[in-house]
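This briefing walks through one protein model by topic. Keep the sequence and the 3D view open while reading.

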Amino acid sequence: MEKLRIYFPSIFIFLSCHGNNAARSKQFGVKEDTLSNCAKAEMLFAEKGDQGTNSSQFYLDSAIRLCPNFAKAWRERGVPFLKRGDYATWLAYLNRAIEISPIDFLDIRAWCKAKFLHDYKGALEDFKNFDLLTTDTPKVIGDYNIYTWMALCEAGLNHHEAALKYANKSIAISSEEHGEEWVGMFDFLYRGNIKLALKDYKGALEDFNKQLRNSDKLADGYYYQGLALLGQKKKKDAKKSFKKSIYYFTNGYTMSDPYVEMPFKVYLSDAEIELSKLQFID
């Protein structure tokens, strides 16, 4: 009887899962005579509990055995491995989910490749393919618009002209729909860095100034503002920017991510080094 309680925790849920056999057959790609197993799999997924626990993984394994084409269970089964840094195991589970339902999970593989693995070539290919799969707009993946991710991938590959085109597209979409105040949290900083790489110091400074209007205590923003000013030979102004950067770094106002180092991340020591080069500038 204990086994029955695991697989049938709610008669109501069980019955509701059987409510539309044809629709569920189409959803999971299974024959109607095996639909009851996929209904049970849905039920187990709902009861899985906390992510990554032994009981959760057991429930997901059970769901997959019952319904091998249950894509979201394959994806969820691999997430704890991603968070633990076991990328190979994570990717094996996610790849199976993508085989079953690419429109639901290809974007996840793309941004994880970019964010965690720095596999910019592979991520860019996935982003492009996902972009073709859906007409949704805006296309937000993880923390950013899809075109911001594509810009970061191109920048990671040192394709800065291509990166700039994607960055411009991302910012234009947000600006046209809601205004510049709704542009992604660090999109101006990212585009500014792409312009720095292209030695467009004036354009870079404009972007860093826009970034600082949206987040006026961002230490990283003042650091890059200083670099853009140095590119324009404005050493006095650059010195002021580096001092502000150090102040806000010291007070904890900096970009951060609980899992990885963020794109174009800098540190207090970077600002201190730049300031030391300008110590004799009044």
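In which loop is Asn158 found? Asn158 belongs to the loop between α10 (146–156) and α11 (160–178). The model is predicted, and the mean pLDDT of the protein is 88. The points below start with the whole chain and then turn to single residues.

**Overall picture**

- The protein contains 16 helices and two strands.
- Of its 282 residues, 48% are buried.
- Among contacts between residues at least 6 apart in sequence, 52% join residues at least 24 apart.
- A pLDDT of 70 or more is reached by 88% of the residues.
- Residues 1–28 have a pLDDT below 50, and this stretch has 35 contacts in the model beyond near neighbours in sequence.

**Backbone features**

- Most residues other than glycine have a negative phi, and most peptide bonds are trans.
- Asn158 is not a glycine, yet its phi is positive, at about 65°.
- Asn158 counts as exposed because its relative accessible area is 58%, and the cut-off for exposed is over 50%.
- His118 also is not a glycine and has a positive phi, here of about 55°.
- The place of His118 is the loop between α8 (102–117) and α9.
- His118 has a relative accessibility of 44%, so this residue is classed as partly exposed.
- The peptide bond from Thr137 to Pro138 is cis, with omega near -10°.
- Pro138 is part of the loop between α9 (120–133) and β1 (140–141).

**Helix α9**

- Helix α9 has 14 residues.
- From its first C-alpha to its last, α9 reaches 20 Å, close to the 20 Å expected at 1.5 Å a residue.
- The buried residues of α9 are Gly122, Ala123, Leu124, Asp126, Phe127, Phe130 and Asp131.
- The elements that cover these buried residues include α8, β1 and α10.

**Nonpolar core**

- The largest nonpolar core has 76 residues.
- Trp111, Phe127 and Trp149 are the residues with the most contacts inside this core.
- Beyond its neighbours within four places in sequence, Trp111 is in contact with Phe116, Phe127, Ile141, Gly142 and Trp149.

**Aromatic rings**

- The structure holds 20 aromatic pairs.
- In one of these pairs, the ring centres of Tyr222 and Tyr248 are 5.6 Å apart and the ring planes are at 15°, so the pair is stacked; the cut-off for stacked is under 30 degrees.
- Tyr222 lies in helix α14 (residues 219–231) and Tyr248 in helix α15 (residues 235–250), so their pair ties together parts that are 26 residues apart in sequence.
- Tyr222 and Tyr248 are both buried.
- Ring pairs also link a cluster made of Tyr87, Trp111, Phe116, Phe127, Tyr144, Trp149, Phe186, Tyr190, Tyr259 and Phe264.

**Charges over rings**

- Arg84 has its charged end over the ring of Phe81, 5.7 Å from the ring centre.
- Lys169 lies over the face of Tyr147, at 4.2 Å from the centre of that ring.

Key. Residues are numbered from 1 along each chain as its sequence is written. This is a predicted model: local features need pLDDT of at least 70, side-chain atom pairs count only at pLDDT 80 or more; totals for chains, interfaces and linings use all residues. Side-chain values use heavy atoms; hydrogens and water are left out. Helices (H or I, at least four residues) and strands (E, at least two) are DSSP runs, numbered from the N terminus. Buried means under 20% relative accessible area, exposed over 50%, partly exposed in between (1.4 Å probe, protein chains only). A nonpolar core is a set of buried Ala, Val, Leu, Ile, Met, Phe, Trp, Tyr and Cys residues joined through side-chain atoms within 4.5 Å. Contact means heavy atoms within 4.5 Å. Rings of Phe, Tyr and Trp (its six-membered ring) pair if their centres lie within 6.5 Å; planes under 30 degrees apart count as stacked, over 60 as edge-to-face and the rest as tilted. A charge sits over a ring if NZ of Lys or CZ of Arg is within 6 Å of the ring centre and within 35 degrees of the ring normal. The expected span of a helix is 1.5 Å times one less than its number of residues. pLDDT is the predictor's confidence in each residue, from 0 to 100.
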